[in-house]
Amino acid sequence: MKFPFISLFLLTSLFSSPDEELIKIENAAPKSASATPIKKRQVLIYSNPSGFNHKSIPTGIKGLRVLSEKTKAFTATFTLSTKEFTAEGLKKYDAIIFNNTTHVQKAFTEKSQRKAILNFIKNGKAFIGFHAASDGGMNQWQEYTDMIGGCFAGHPWNAGGKWPFFVEDVNHPVNQAFKEKEFMFSDEIYQYKSYDRSNLRILIGLDSVKTDKKGNSKTNDYPVSWIRSYGKGRVFYSNFGHNKATWWTPFILQHFLDGIQWALGDIEGPSKSIPQSRNLK
Ligand SMILES: [Zn+2]
């Protein structure tokens with residue numbers, strides 16, 4: 001009767017393959033923080049979608065965990081609950097990250113919670129949003145859209161395509177990951193409503209005129225990554241993060257880490273808006 005035990009053991013080892021996704025992320029992540037944190041940074045990472053559920057959410061969680069543990073730039077607390085998003089609950093954090101959180105207006109319905117989140121940033125803390133973090137807000141929560149800088153209005157550039165991007169702000173430290181001023185990359189790219197470039201500093205743009213798709217912008221202005229000041233606080237948003245592979249792409253992880261460290265105040269770099277540099281009609 002010892003055979004069943006052995007077979008079970010063999011079966012278990014056969015089917016429990018190592019987490020290949022995690023290994024790819026660990027290899028792709030920067031070795032260290034781009035700047036030594038001024039103090040120990042506590043970051044609350046919310047990953048619960050209230051609308052479309054991206055399959056890359058768990059990959060994003062792994063990506064952010066690896067960035068935290070490998071580079072020590074911040075300590076990450078992961079949650080799917082909205083419970084800690086109160087004035088009191090947020091006190092111990094330096095930043096909030098929304099990881100592909102569609103339709104936040106349905107998750108945060110209480111006026112006091114919405115106020116707590118926006119005041120947290122206005123009073124000097126950080127907000128970072130990835131991909132579908134901008135798919136929500138308006139009309140029910142316009143102030144959120146105003147804070148993040150724009151609201152998802154469709155994605156003419158689909159996840160399966162490979163699209164041309166350009167570095168809009170070549171000298172910005174949050175763009176140090178991009179060695180070329182232009183690059184091709186595969187991800188799902190949004191057009192926006194309620195977007196006003198004068199409130200944001202656009203770091204990466206989509207070179208839309210080189211694609212066969214047409215979006216909603218009269219000036220072909222399709223921002224992809226940006227930063228902004230919001231009251232005394234800082235915001236970093238990147239549209240990248242739909243595809244799982246985005247989360248194990250070395251230059252993207254470096255860009256994400258630098259955006260997070262900028263928002264935390266550990267990397268300095270201007271947030272004043274800059275004019276559109278190409279594709280102007
Ligand atoms: Zn998406």
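Reader: Is His131 buried or exposed, going by its relative accessibility?

Author: A residue is called buried under 20% relative accessible area, exposed over 50%, and partly exposed in between, with a 1.4 Å probe and protein chains only. His131 has 0% relative accessibility, so it counts as buried. Phi of His131 is near 45°, which is a positive value in a residue other than glycine. Before we go on, note that this is a predicted model, in which local features need pLDDT of at least 70 and side-chain atom pairs count only at pLDDT 80 or more, while totals for chains, interfaces and linings use all residues. Residues are numbered from 1 along each chain as its sequence is written, and side-chain values use heavy atoms, with hydrogens and water left out.

Reader: Which residues have the most contacts inside the largest nonpolar core?

Author: A nonpolar core is a set of buried Ala, Val, Leu, Ile, Met, Phe, Trp, Tyr and Cys residues joined through side-chain atoms within 4.5 Å. The largest one here has 43 residues, and Phe165 and Phe240 have the most contacts inside it. Its largest share, eight residues, comes from helix H7 (residues 250-264), where helices (H or I, at least four residues) and strands (E, at least two) are DSSP runs numbered from the N terminus. A second, separate core of 29 residues includes Phe85, Ala133, Tyr144 and Val235.

Reader: What lies 2.9 Å from a polar atom of the side chain of His255?

Author: That is the backbone oxygen of Val174. His255 has its place in helix H7, and this residue is buried, with a relative accessible area of 0%. By contrast, Asn171 sits in the loop between strand S6 (163-167) and strand S7 (182-185), and Asn171 is exposed, with a relative accessible area of 72%.

Reader: How are two packed helices described?

Author: They are described by the angle between their axes and the distance between the axes. The axes are lines fitted to C-alpha atoms, for helices over the stretch in contact, and angles run from 0 to 180 degrees between N-to-C directions. Helix H2 (residues 20-28) and helix H3 (residues 57-71) pack at an angle of about 40°, with their axes 10 Å apart. That makes H2 oblique to H3, since angles under 35 degrees count as roughly parallel, over 145 as roughly antiparallel, 65 to 115 as roughly perpendicular and the rest as oblique.

Terms used
A polar contact is a pair of N or O atoms within 3.5 Å; within protein, one must be able to donate a hydrogen and the other to accept it, and residues adjacent in sequence count only if both atoms are side-chain atoms.
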